[in-house]
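Here are my notes on this one, as numbered points. Have the model open while you read.

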Number of protein chains: 2
Amino acid sequence: MALLQRFSCRRFAPAPLTDSEMGHLLEAARWAPSAGNVQPWRFVAVTSPRRRQSLARSAGQEFVADAPVVIAVCAVPEESARRYGERGRSLYVLQDTAAATQNILIAASELGLASCWVGAFDEASAAKALGLPAGWRPVALVPVGHPLEAPPRRERRPATEIVIFLTD
Amino acid sequence: MALLQRFSCRRFAPAPLTDSEMGHLLEAARWAPSAGNVQPWRFVAVTSPRRRQSLARSAGQEFVADAPVVIAVCAVPEESARRYGERGRSLYVLQDTAAATQNILIAASELGLASCWVGAFDEASAAKALGLPAGWRPVALVPVGHPLEAPPRRERRPATEIVIFLTD
């Protein structure tokens, strides 16, 4: 399963993605599930070097700028709130955009590319670097490219710690 | 790509999953990414008929009880908050558990099974049906089984509405 091959990559070759690769990543995002099929998301594919630098600064992680593209996943909370009120604004919109982000990561892995889910960044700085309109909230930065490393996957808690079966 | 084949299924055959299938779904969840690899999640695999009924009632959706297993994805917000404070509690823990949920959906699709992401349910009722300890929050219910339907995937917004390229 591609989703078990996925790893977090922080060293990228400068070679750009092909249009076909980029298209696959964005299709994967577009077909993610969302509450009520509201699709409260936008995807900003950033190849501009200066904007990638700005995004890297917003995250305090230089490697973000090394990837040939950074896909900024943005939430539009009011689109979810319009249908679902506070649960939409504080839960669904974050789940929906996270599902889309995970789809991008898995699609990248299937294409032999690599990526990393960057969640720690200054949202206001990132929004400025991206030129986002009001109401769009950047919730994940996903650098994608050809990996220059294949680090071992980080360990996980054993299943016995995190899984419960209820049969009764 | 399995993630493009995925659809939301609401009619399931009663046949149970094999242990191997169940193991694959939970491995997919376990290997999801999480902020700082904190893994602030628990997965409760419910085969008990009476508990599936209770979960279905908490969601107001009878089909939830028809699936041979319902995987309740639970967040443990304080595990994220301990490392990341409020951003962990209100963002990362929801993203992490959503990534794990999406992995379950995709893994089910890869196995020829089907599933549905149920996000609308009464959390207190679901927690009671699951017998969750304090601090665990159910954030998604995922019925999984053999599909009795193959509905067309619901349409999505065109890419032109949700994708922006920044090259400059």
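1. First, a term: two strands pair if DSSP finds at least two bridges between them, and helices (H or I, at least four residues) and strands (E, at least two) are DSSP runs numbered from the N terminus. With that in hand, look at V163(A), whose bridge partner in β1(B) is F43(B). Strand β5 (residues 163-166) of chain A is joined to β1(B) by four bridges, and the two run parallel.

2. On provenance: this is a predicted model, where local features need pLDDT of at least 70 and side-chain atom pairs count only at pLDDT 80 or more, while totals for chains, interfaces and linings use all residues. Residues are numbered from 1 along each chain as its sequence is written, and chains are lettered from A and ligands numbered from 1 in the order in which they are written.

3. Now the interface: 48 residues of chain B are in contact with 48 residues of chain A (C-beta atoms, placed from the backbone, within 7 Å). On the chain B side, α5(B) gives the most, with 12 residues. Other elements giving two or more include α2 (19-30) and β1 (41-46) of chain B. By class, that side has 29 nonpolar, 10 polar and nine charged residues (Ala, Val, Leu, Ile, Met, Phe, Trp, Tyr, Cys and Pro are nonpolar, Asp, Glu, Lys and Arg charged, the others, Gly among them, polar).

4. Within chain A, helices α2 (residues 19-30) and α5 (residues 77-110) pack at about 145 degrees, axes 8 Å apart (axes are lines fitted to C-alpha atoms over the stretch in contact, with angles from 0 to 180 degrees between N-to-C directions). H24(A), L25(A), A28(A) and A29(A) of α2(A) meet residues of α5(A) including N103(A) and I104(A). The contact's residues are seven nonpolar, two polar and no charged.

Notes
Contact = placed C-beta atoms within 7 Å.
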